[in-house]
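Keep the structure open beside you as you read.

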Amino acid sequence: MERAEILKRVIGILTEVQEIRRAAEAEEDTGAAESGPDVVTELLNEMLPSISVPADATPQEVVHLVATALGPALQTMVAGFSLAFTSLAMAHDTGRQDVTSVDVLRTLALEVEAGWYDEDSEDQG
């Protein structure tokens, strides 16, 4: 997955978690009990590459293969969560009452789509 796709997926997962939380609160009010999907597992399955390890690989080779395959994806996922957290925290800290967390995430997704956070334009964000 490209960096922008991963950032948008992280934002999508955070938005989905909001909806799951709201649904769970509504179920508590009505007495219904239904569990939502495991969004963390979904996120990892979608974003992390599969790794093929030769049967005769040494432990050092396995470590190298795993680090090479997972490192960039994990780094981008952490960057996405950090970006989302920072955006949400800034809206909170400024005392904005006119926007919801979903509004902040939606704006962030539009900025990602517009290329504000592309690797070659890091100084724009």
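Helices H2 and H3 are oblique to each other, because angles under 35 degrees count as roughly parallel, over 145 as roughly antiparallel, 65 to 115 as roughly perpendicular and the rest as oblique. Their axes cross at roughly 135 degrees and come within 11 Å; axes here are lines fitted to C-alpha atoms, for helices over the stretch in contact, with angles from 0 to 180 degrees between N-to-C directions. The crossing of H2 past H3 is right-handed, that is, the near helix is turned clockwise from the far one by less than a right angle.

A word on the basis: this is a predicted model, where local features need pLDDT of at least 70, side-chain atom pairs count only at pLDDT 80 or more, and totals for chains, interfaces and linings use all residues. Residues are numbered from 1 along each chain as its sequence is written, and side-chain values use heavy atoms, leaving out hydrogens and water.

Zooming out, the chain has four helices and zero strands, where helices (H or I, at least four residues) and strands (E, at least two) are DSSP runs numbered from the N terminus.

Now look at Met-47, which sits in helix H2. At 4% relative accessibility Met-47 is buried (buried is under 20% relative accessible area, exposed over 50%, partly exposed in between, with a 1.4 Å probe and protein chains only).

Ile-51 lies in the loop between H2 (39-47) and H3 (59-93), and it counts as partly exposed because its relative accessibility is 33%.
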